Each structure stands twice: as C-alpha cells, then as structure tokens.
Number of protein chains: 2
Amino acid sequence: MGLFTKDIRTFDDLFLHQLKDILYAEKRIVGALPKMIAKAADAELRAGLEQHFDQTKNHVKRLEQVFRLHGAAPASVECPAIDGIIEEANEVVGEVADAAVLDAALINAAQAAEHYEIARYGSLISWARQLGRSDVAGLLQKTLDEEKVTDRKLTTLAEGRVNLRAAS
Amino acid sequence: MGLFTKDIRTFDDLFLHQLKDILYAEKRIVGALPKMIAKAADAELRAGLEQHFDQTKNHVKRLEQVFRLHGAAPASVECPAIDGIIEEANEVVGEVADAAVLDAALINAAQAAEHYEIARYGSLISWARQLGRSDVAGLLQKTLDEEKVTDRKLTTLAEGRVNLRAAS
C-alpha cells in the first residue's frame with residue numbers, strides 16, 4: 001500500500017484488495033481455531049469448531065481459485081480488522097475462569113469472526129456480479145453460505161445448552 | 001483487567017464485560033461516522049450514514065440505560081476488534097482515488113462495523129434472557145433491529161446504484 005499514493009483506482013482494484021484482505025483473514029482464522037478448539041469444554045462445540053477448521057482451510061483454497069479465475073496471483077494484505085477480532089478473542093477468553101462461561105465466550109468470539117466474514121463475502125459477491133464474474137460470485141457464495149450455517153449453528157448451541165450451563 | 005488473574009468468573013461478569021466492550025465500540029463508531037459522511041459522494045449514502053450517526057448516539061444512551069437497569073455504572077473497556085475495523089476502514093478508504101469507488105468502499109467499511117455489532121448484540125440479547133433480564137434484552141433488541149435495518153439499506157444502496165457507478 002502506498003503511503004503517499006492512492007493505490008485503489010478502479011472498482012476492480014477495490015475487489016482485488018478486499019480479496020487479499022479476506023485471504024489474510026481466513027488464514028489468521030485457520031491459525032486461531034486450534035487454540036479455541038483446545039479450550040472448548042462442550043463436546044458439540046468442540047466438534048463444531050473442528051468442522052469449521054476444516055471448512056476454513058477449504059475457504060483458503062477456494063479463495064486461491066478465485067484469484068486465479070480473476071487472473072491474479074493469490075496474495076494477502078494485512079487486515080487490522082481480523083487482527084483486532086482475534087486479539088480481543090484471546091484477551092476475553094484468557095480472562096475467563098469457569099469452563100462453562102468460557103464456552104459462551106468462545107461462541108461469542110467465533111461469531112464475531114463469522115460476522116466479519118459474512119460482511120466481507122457479501123460485498124465481494126455483489127462486486128463480482130457487478131464486474132460480470134458470476135463464476136467468481138458462485139464460488140464466494142459457497143463460502144458465504146457455509147459461514148452463515150456455522151453462525152446459526154453456534155447460536156443454536158448457545159441458546160440450547162451453553163448459556164444455560166454458563167448461567168448455572 | 002488483571003494481567004495475572006482471571007477477572008471474568010461468572011456469566012454475569014462476561015455479560016457485563018461485553019456490555020462495556022460494545023459501549024466502547026458504539027462510542028468509537030460515533031467518532032468515526034462524521035469522517036465517513038464527509039467522504040461520501042452519493043447523496044442517499046450520505047443521508048443514510050447521517051441517520052445512522054443519530055441512531056448510534058441513541059444506542060450509546062440506550063446502553064447506558066441497560067447498565068443502570070443491570071445495577072452497574074456505565075463503563076467501557078478497550079475493544080481491539082472495533083479499533084481494527086475502524087483502522088482498516090481508514091486505510092482502505094484512504095487508498096481510493098475515485099469518488100464512485102470510494103462510495104463502494106465506504107459501504108463495505110460501514111457493513112463490517114454493522115456486522116460486528118450484530119454479532120455482539122445477538123450474544124448480549126441471548127445472555128440477558130438467560131440471566132432473566134427480559135427488560136434489558138428488549139432494549140438491546142431495539143438496537144439490534146436498527147443495526148440490521150441499516151445493514152440491509154446499505155446492501156440495497158450498493159446493489160441498486162453505488163456498485164454500478166463504481167464499475168462504470
């Protein structure tokens with residue numbers, strides 16, 4: 001990124017910049033999930049996070065495919081947003097003493113990351129369509145659908161059992 | 001927060017911690033929105049962000065009311081997640097040369113903040129209900145509903161006009 005120049009000139013530049021941003025974010029989530037899985041007490045939460053870990057590694061591969069379809073080499077740019085979300089997750093999770101309360105905090109942290117991705121993929125899909133790249137939009141949509149399913153599963157788990165245990 | 005102690009012991013501690021987190025986030029968004037409004041070229045986007053600026057100031061007041069209902073003094077804790085989201089918004093927006101592309105970037109940035117809030121308020125509402133505080137949950141729900149409406153309006157604006165202009 002140029003300190004004294006404006007490097008995003010076209011809509012395509014913006015699209016490519018945000019692709020690099022979300023590739024960085026997905027890779028950081030791949031790095032963060034094993035620590036979260038290790039801390040989860042609830043078996044279903046642990047299994048859900050493990051499944052999402054596998055999905056996230058696949059999201060990285062899918063993004064690399066999107067770069068190639070778009071005629072660009074896969075690359076990432078630093079994404080202060082996901083850095084902040086993960087930093088905050090580590091801070092809060094590190095402050096929690098009780099295992100049941102920790103599970104509620106882990107779900108909350110995971111959902112913040114999910115919603116970051118839902119926002120970014122939502123824009124990327126709209127932008128890809130506008131750029132006439134329905135092939136790219138279709139691939140990104142698969143990932144967005146998986147992020148939304150994960151988010152809903154986490155809500156169901158929280159409201160079905162985890163919050164009750166945390167409060168008791 | 002203690003460096004060597006775990007300060008979140010109960011579910012109520014976690015709830016209160018996240019209330020402080022979202023109060024900090026809402027206040028940072030109040031601080032960030034005027035700069036975004038000043039950069040928006042599209043009149044409807046500017047008007048939408050102005051309306052959301054007023055709503056956000058009201059969300060701060062509503063949160064202060066939630067603290068009091070919960071028997072705690074309004075307070076905030078630093079929230080690296082929203083700091084990162086705003087830092088990234090400033091970085092990307094600062095890189096964009098073209099006014100129409102800038103509008104698309106502004107919508108993308110605003111939706112990242114909206115989704116952060118949607119994730120946090122969603123958990124806080126579930127937690128308040130579990131803690132038997134339907135009064136608090138009801139107030140937080142009002143804010144969540146407004147954040148979701150704002151997010152949808154931004155999508156409609158992007159897909160209806162802003163992306164088309166950005167791509168042309």
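Helix 1 of chain B gives the most to the lining of the second largest pocket, with eight residues; helices are DSSP runs of H or I of at least four residues, numbered from the N terminus. The model is predicted, with local features needing pLDDT of at least 70, side-chain atom pairs counted only at pLDDT 80 or more, and totals for chains, interfaces and linings using all residues. Residues are numbered from 1 along each chain as its sequence is written, chains are lettered from A in the order in which they are written, and side-chain values use heavy atoms, without hydrogens and water.

A pocket is an open set of points on a 1 Å grid over the protein atoms alone where a 1.4 Å probe fits, with protein on both sides within 12 Å along at least five of seven lines, and lining residues have an atom within 4 Å of a point.

The largest pocket has a volume of about 850 Å³. Of its 40 lining residues, H115(A), I118(A), K148(A), H115(B) and I118(B) are closest to the centre. Helix 4 (99–130) and helix 5 (134–167) of both chain A and chain B each give two or more residues to this lining.

Chain B can be laid on chain A with an RMSD of 0.0 Å by a turn of 180° and a shift of 0.0 Å along the axis, superposed by least squares on C-alpha atoms of residues with pLDDT of at least 70 in both. This is the relation of a two-fold axis.

Methods: Grid points are joined across faces, edges and corners, and a volume is the space filled by probe spheres set on the points.
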